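Please look over the model below with me. My notes follow as numbered points.

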Amino acid sequence: MAKQVMHRTAGDNEYLHRDFHGALSAGIEYLHEHYGDEAVRDYLRQFARSFYAPLTEALKQRGLVALGEHFRRVYDLEGGAVRLALSEDELRIEVDACPAVTHMRNEGYPVARLFRETTETVNRALCHGTAFSAELLDYDDRTGRCVQRFYRSRS
Amino acid sequence: MISCTEFIPAYSELFKFLEARGGRRAVEGFWEYLSNRFLGNLRSAVEERGLRGCWDYWSHTLNEEAADFTMELDEDAGQFRIIMHHCPSMGRLLELEHVEPYGDYCRHCDVLYRRVLEPLGYQYTIDLLQCGEARCAITVTSRPGAEGRRGQG
């Protein structure tokens, strides 16, 4: 049989490997199993404060509009029905089904018991050191359907 | 929600977190866990189709990751190769000015895939000498009798 060769450059494809949601979920579950639930939150806080530092800075400088732009971009990319309601003092995000959870359920990847922390803990960490706070008003572990709220907690 | 496009920095940070908690052994323990739990699709592809299973698996993942690569399958010679000209994962980590990648980030590709392929009778080698420039090469070679293990799980 003839040798087969495939050559691709980065520009040939869109960067969107949804199976990474399954790998993140496996990481969350591993931490939970081996180090406990608080380790999951510690890790997610550490990640969020490091990786999202520019977003947190934008939140300080520009307010909730910066978070609105970020989440609009993420959900546009990942797909799924999402409604964002933005005012100067509040950003409310209603997600009918989390695209990450939907992908994992469709592909048969286990969804970590604490996967909701990738929303709840990360959102809180995003607000660290700003005038804003975050809360997860509702979350369905089966679908990832949720209501997220960011709000001004001090002036 | 953490987008799948933000996974690689989260992955790198997880390695750092684990090393701080339990040293390098904790990181390797996670890689072994991930290989066991998450690479069932590679394992089943190779069990069913031999080296062509590698071709099928990485055709899917590397295209979705928008990698810059050359992939070769020579079933007559019993060899599958990936020459990664620019790894999308390490490449992204190197582009981030405010995040330092985990020092031994690229070695997860050694542990994860070796753990799947060697028990199936394949020789797995990875050249990480240029991984700091987001370049590497993977070679999977059939050992005598390896193709005969297909389907034996």
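1. Which strands does H3(B) lie across, and at what angle does H3(B) run to E1(B)? H3(B) lies across E1 of chain A and, in chain B, across E1, E2 and strand E4 (136-142). The angle to E1(B) is about 165°. Axes are lines fitted to C-alpha atoms, for helices over the stretch in contact, and angles run from 0 to 180 degrees between N-to-C directions. Helices (H or I, at least four residues) and strands (E, at least two) are DSSP runs, numbered from the N terminus.

2. A word on the source. This is a predicted model, where local features need pLDDT of at least 70, side-chain atom pairs count only at pLDDT 80 or more, and totals for chains, interfaces and linings use all residues. Residues are numbered from 1 along each chain as its sequence is written, and chains are lettered from A and ligands numbered from 1 in the order in which they are written.

3. The sheet under H3(B) draws on both chains. It is open, has 5 strands and pairs antiparallel, in the order E1(A)-E1(B)-E2(B)-E4(B)-E3(B). E1(A) and strand E3 (122-127) of chain B are the edges; each has a single partner strand, so one side of each lacks a neighbour in the sheet. The twist averages 10° from one strand to the next.

4. Now the pairings. Strands pair if DSSP finds at least two bridges between them. Strand E1 (residues 4-8) of chain A is joined to E1(B) by 5 bridges, antiparallel. There, A:His7 has B:Thr70 as its bridge partner. E1(B) also pairs with strand E2 (residues 79-86) of chain B, antiparallel, over 7 bridges. B:Asp74 stands opposite B:Gln79 in E2(B).

5. The chain contact involves 39 residues of chain A and 40 of chain B (C-beta atoms, placed from the backbone, within 7 Å). On the chain B side, helix H1 (7-38), helix H3 (51-64) and strand E1 (68-74) each give two or more residues. H1(B) gives the most, with 13 residues. That side holds 21 nonpolar, 8 polar and 11 charged residues. Nonpolar covers Ala, Val, Leu, Ile, Met, Phe, Trp, Tyr, Cys and Pro; charged covers Asp, Glu, Lys and Arg; the others, Gly among them, are polar.

6. Chain A has an open sheet of 4 strands, ordered E2-E3-E5-E4, with antiparallel pairing. Strand E2 (82-86) and strand E4 (132-139) are its edges. E2(A) pairs with strand E3 (residues 90-95) over 5 bridges. A:Ala85 has A:Arg92 as its bridge partner in E3(A). Helix H6 (residues 117-126) of chain A lies across E4 and strand E5 (146-152), at about 165° to E4(A).

Notes. Contact = placed C-beta atoms within 7 Å.
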